[in-house]
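The sequence and the structure are shown first.

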Amino acid sequence: MSTDFDAAEFDDSNPEPRCPCVLLLDTSASMDGEPIKALNEGLVAFRDDLDRDKLARLRVEVAIVTFGGRAALAQDFVTADQFQPPTLKTAGDTPMGGGINLAPDLIESRKKTCRTNGVRYFRPWVFLIGWAKA
Amino acid sequence: MTWRAYGASVRGTSHQRSGLPCQDAHGWRALPAGGLLCAVADGLGSAPRADEGAQRAVAAALDALEATLVAAPAALDEAAIAGHLSAAFTAARAALERGADPNPLRDYATTLLLAAVTPAWTAVGQIGDGAVVGCWPDGRLETLSLPQRGEYANETTPLTSPDADARLQVRVWPAPLHALALFSDGLQGLCINLSTGAPFERFFAPFLRALSGPFDGDATSERLAAFLASARVCARTDDDKTLLVAGLPDPA
């Protein structure tokens, strides 16, 4: 007898595992002009790349911390298919340390939310993008 | 008892994109006294020779357990059976160590699932993730060995880990299974409930049905490989995936 394996049903009660991803972005005044334009274009390219990957769309969770004048949460965690890249503007000095300090707290809090809801997660990512004049 | 078995290991879409080979492997052996041995290994994506590691671990574990059980007396107590399974894991690790030089052992990191069914007993051993689901003669499905997980979904303990001995789980039942399925972690989210460990029966049903009636193992394995490579499966997992199914045909 030739059974149809496509008849196999999947357990849909398992939530997709998540991959928290924090972008630490320099939005200080030194990013004025081309650098901030390139960074904003990069965010769009990042969203487009995530959008092309069916699993990444469901699994990656993006948060954005900016440091320009002050370190602040510009985007709380959102699943990639809901992520709308913000258009970042520049301001002030470069409190990079403050930004870096925010990332682990954000990630710990996200991991806790996942655990509370029985959601598995991959090792989180943190990307820091800044500007240094040669 | 005439066991039937079929299986396939198929490269995941993330491995295709990054040019990695399929790092899963599987194998089975029929024992002369009417038993069956099955093994599945999932080489770690972070290990550069994980594909070799998985293949060697499967072959060495099956070789060791086959040699032991063929030579062993027919009646074994549970401690002796568990000891034979543990010894097969030790042999698999030793085979990786022997073959590793000059590369570090961790280059061959792989998980290992091993199952043995004889007319008198069933035994399952595991290091790492993936799982074994058994079908008892009354038709009841039971997850016999659960994925071992670390904090992160993409991390597990391999056979090459320094604490592999301590992480090895072996269980023995004083009764034979009617059928069983071993699978790597690429499939586990599709076929077991990851909170409770319960098998998802509507996943396994068609694979168990394929063991009855006229049976062509190679053709069934090919159909399984096509299923594992299908868009429907790839929409749910980008990892390598292995399913090995074995059982006794239902009486006609």
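## Model and confidence

The structure is a predicted model. It scores ipTM 0.91 and pTM 0.90. For chain B, the average pLDDT is 94, and 99% of the residues score at least 70.

Chain A contains an open sheet of 4 strands, arranged in the order E3-E2-E1-E4 with mixed pairing. Strand E3 (70-79) and strand E4 (125-129) of chain A are the edge strands, and each pairs on one side only. From one strand to the next, the twist averages 15 degrees. Helix H3 (residues 96-116) of chain A packs on this sheet and touches strand E1 (19-26), E2, E3 and E4 of chain A. The direction of this helix makes about 165 degrees with that of E1(A).

Strand E2 (residues 60-68) of chain A pairs with E3(A) in the antiparallel sense, over 7 bridges. Within this pairing, A:Val65 has A:Leu73 in E3(A) as its bridge partner, while A:Ile64 is partnered by A:Gln75 in E3(A). E2(A) and E3(A) form a hairpin with 1 residue between them. In the turn, A:Gly69 has a positive phi of about 85 degrees. Most residues other than glycine have a negative phi.

## The sheet of chain B

In chain B, 5 strands form an open sheet in the order E2-E3-E4-E5-E8, with antiparallel pairing. Strand E2 (24-30) and strand E8 (169-173) of chain B stand at the edges with a single partner strand each, so one side of each has no neighbour in the sheet. The twist in this sheet averages 10 degrees from one strand to the next.

E2(B) pairs with strand E3 (residues 36-42) of chain B in the antiparallel sense, over 7 bridges. In this pairing, B:Trp28 stands opposite B:Cys38 in E3(B).

## A helix pair in chain B

Helix H2 (residues 50-71) and helix H3 (residues 78-100) of chain B have axes that come within 8 Å and cross at roughly 135 degrees. H2(B) and H3(B) are therefore oblique to each other, and their crossing is right-handed.

The residues of H2(B) that meet H3(B) include B:Ala57, B:Ala60, B:Ala61, B:Ala64 and B:Leu65. By class, the contact of H2(B) with H3(B) has 14 nonpolar, 4 polar and 1 charged residues.

## A cis peptide bond

The peptide bond from B:Asp101 to B:Pro102 is cis, with omega near 5 degrees. B:Pro102 is placed in the loop between H3 and strand E4 (112-117) of chain B. Most peptide bonds are trans.

## Contact between the chains

At the interface, 20 residues of chain A are in contact with 27 residues of chain B. The side of chain A that touches chain B has 9 nonpolar, 4 polar and 7 charged residues.

Definitions and conventions: Residues are numbered from 1 along each chain as its sequence is written. Chains are lettered from A and ligands numbered from 1 in the order in which they are written. This is a predicted model: local features need pLDDT of at least 70, side-chain atom pairs count only at pLDDT 80 or more; totals for chains, interfaces and linings use all residues. Two strands pair if DSSP finds at least two bridges between them. Helices (H or I, at least four residues) and strands (E, at least two) are DSSP runs, numbered from the N terminus. Axes are lines fitted to C-alpha atoms, for helices over the stretch in contact, and angles run from 0 to 180 degrees between N-to-C directions. Two residues are in contact if their C-beta atoms, placed from the backbone, lie within 7 Å. Ala, Val, Leu, Ile, Met, Phe, Trp, Tyr, Cys and Pro count as nonpolar, Asp, Glu, Lys and Arg as charged, and the others, Gly among them, as polar. Angles under 35 degrees count as roughly parallel, over 145 as roughly antiparallel, 65 to 115 as roughly perpendicular and the rest as oblique. A crossing is left-handed if the near helix is turned anticlockwise from the far one by less than a right angle, and right-handed if clockwise. pLDDT is the predictor's confidence in each residue, from 0 to 100.
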